[in-house]
Amino acid sequence: MSDVTIRIPTPLRGFVGGRDQVEVPGATVREALTALTAGQAAFQDRLFTAEGDLRRFVNVYLGRDDVRRLGGLDTSLSAGATLTVMVALAGG
């Protein structure tokens with residue numbers, strides 16, 4: 001399993017010590033996000049539904065491609081890949 005970089009949006013940085021990116025192991029998007037949120041139930045709840053799918057307001061990109069248009073959470077990652085997590089903000 002190789003390390004990938006995950007870019008973290010400002011609203012979620014509190015879960016990762018304020019960092020804007022984190023390196024985690026993962027051969028798929030699911031494995032990388034699971035490693036990112038390991039041991040942090042509140043963080044997991046922010047990203048995933050109870051069924052283990054990405055929440056509607058969470059978008060994850062591999063390069064410029066939305067992973068939902070690729071293989072979803074099962075999208076394969078190569079060594080050195082970069083994922084970008086984006087969350088929609090509500091309000092007015």
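**Stop one: a strand pair**

Select Ile6 and look across to β2, where Val22 stands opposite. Before going on, note that this is a predicted model: local features need pLDDT of at least 70 and side-chain atom pairs count only at pLDDT 80 or more, while totals for chains, interfaces and linings use all residues. Residues are numbered from 1 along each chain as its sequence is written, and side-chain values use heavy atoms, leaving out hydrogens and water.

Now show β1 (residues 3-7) with β2: they pair in the antiparallel sense over 5 bridges. (Strands are DSSP E runs of at least two residues, helices are H or I runs of at least four, both numbered from the N terminus; two strands pair if DSSP finds at least two bridges between them.)

Next, select Arg30 and Asp74, which form a salt bridge with the closest N and O atoms 3.4 Å apart. The pair links distant parts of the chain, 44 residues apart: Arg30 sits in helix α1, Asp74 in the loop between β4 (65-66) and β5 (82-87). A salt bridge here is a side-chain nitrogen of Lys or Arg within 4 Å of a carboxyl oxygen of Asp or Glu, and the structure holds 1. Arg30 is partly exposed at 31% relative accessible area; Asp74 is exposed at 52%.

Conventions. Buried means under 20% relative accessible area, exposed over 50%, partly exposed in between (1.4 Å probe, protein chains only).
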